[in-house]
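Dear colleague,

Here is the structure I said I would pass on. My notes on it follow below.

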Amino acid sequence: MKFLSLLLALVVTSRCRAQSPKGEPTYCRDIAPLVQANCVTCHRPGEVAPFSLLTYNDVRKHGKTIAAVIKARIMPPWKAVPGYGEFVGARRLTDEQVSLIQEWFKAGMPEGDQKDLPASPTFVSGWQLGNPDIVLTMPEPYGMPAEGNDIHRNFVLPLQLPEGKYIRAIEYRPSNRRVVHHAVLAMDTTHSSRERDEADPGPGFTQVLLPGRMLPGNMSIWTPGWNPVPLPEGLSLPWPKGADLVLQLHFHLSGKPESEQSRIGIFLTDHPPSKSSVDVLLEDRRIDIPPGEKAYRSRDSEVLPVAVDVFGLFPHMHWLGKEVKVIARMPGGKKRTLLWINDWDFKWQMYYQYSKPVRLPAGTELIMECVHDNSIDNLNNPSLTPQRVRWGIQTFDEMSDVVVQMIPVNQTDVPRLQAYRQSQKDSEAP
């Protein structure tokens, strides 16, 4: 009898939670739209996240974890501070939405009326941009040991486009998401990468510095959770005959032997570029961080000789990175923050493409300001006892980089900006 009474109480409680008083948030009406818009891109079968969030039962099962990581702003993994640039694919919950999820969790995670449930999202299986015009595959898998330092391995993929065709987008797809930390794509017209590949007995060759010129826009970078985006209007990429596509993969070893055999989808257009883009690298190689230093600062700046439209940014630091800010100081002193990340996470590096390019006049100073934490309080610090850390290319070293991708407003200024950037590189060389 006691068992029947308890069972009846549980059924009544469950039904009350499912129906939910008017005004109390429910999954079907309030939470499902947020999960669909911000979570299920990664949290579904076959994608990078460790579990699916496609159904009410999925979300309820992980409700405690969801409430905690959202309250801490760990998820969704969008690091750009709102109000400092509008970017394509932004995944950030408002304070009101975060509070709504906390309220729903505290109320017992009621399901609500299924009539309120939005239509289930549809996903493209396989290639997200449709069927590629060309698919490149690593000729053979690359095998990795169970343990050791991170690996930067470069793979050369010869590419030839049909006559009159140009690249408008590239989609990278790893075969083993457990070990691929990020991917970078470059063009090599010198054949030096091919020669290094042939000299190395295994697939590809090891080199941390990118061997070639990084591709423009979103198609130069892949990080977990990032969707492919075509180049901005007016941009497409001609591919010189004989040039190689170089795929650089940064591997985190998983504790067991693994292998990777990536694929790259090439999407073409008949339209030649009406604009040209130029990359400006902000970089500080003077980094020398004492152990225990909580707020070590690094910095670099460049003055633009011509007016430009900035369309994308790719910041890069390692485990000690805490904050990165990119500022444009206009002639006359007015400042504009182009990007601010105040909670850097090496696991969630991203390329940030503006929804609308940001125009900067000639004489604008681009400034990169970074903060690094080499104290024991930094949970990402790879050293249990903080050690002196200098600039370097290994992940236990530290870096401060921002690639700023821009289009000169006047296309006749492209050679001038390229020549200026090259002169800056030459002056910085040791």
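**The sheet**

Four strands make up an open sheet, ordered β12-β21-β15-β18, and their pairing is antiparallel. The edges are taken by β12 (278-283) and β18 (352-360); each has a single partner strand, so one side of each has no neighbour in the sheet. From one strand to the next, the twist averages 30°. Please keep in mind that this is a predicted model.

Within the sheet, β15 (residues 308-317) pairs with β21 (residues 400-408) in the antiparallel sense, over nine bridges. As background, strands of a sheet pair through backbone hydrogen bonds, either parallel or antiparallel.

**The helix pair**

The other item concerns two helices. Helix α4 (residues 63-71) packs against helix α5 (residues 95-106) at an angle of about 150°, and their axes are 10 Å apart. Angles over 145 degrees count as roughly antiparallel, and α4 and α5 are therefore roughly antiparallel to each other. Their crossing is left-handed.

On the α4 side, the contact is made by Gly 63, Lys 64, Ala 67, Ile 70 and Lys 71. On the α5 side, Val 98, Ile 101, Gln 102 and Phe 105 make the contact. By residue class, the contact of α4 with α5 consists of five nonpolar, two polar and two charged residues.

Regards

How values were computed: Residues are numbered from 1 along each chain as its sequence is written. This is a predicted model: local features need pLDDT of at least 70, side-chain atom pairs count only at pLDDT 80 or more; totals for chains, interfaces and linings use all residues. Side-chain values use heavy atoms; hydrogens and water are left out. Two strands pair if DSSP finds at least two bridges between them. Axes are lines fitted to C-alpha atoms, for helices over the stretch in contact, and angles run from 0 to 180 degrees between N-to-C directions. Angles under 35 degrees count as roughly parallel, over 145 as roughly antiparallel, 65 to 115 as roughly perpendicular and the rest as oblique. A crossing is left-handed if the near helix is turned anticlockwise from the far one by less than a right angle, and right-handed if clockwise. Contact means heavy atoms within 4.5 Å. Ala, Val, Leu, Ile, Met, Phe, Trp, Tyr, Cys and Pro count as nonpolar, Asp, Glu, Lys and Arg as charged, and the others, Gly among them, as polar.
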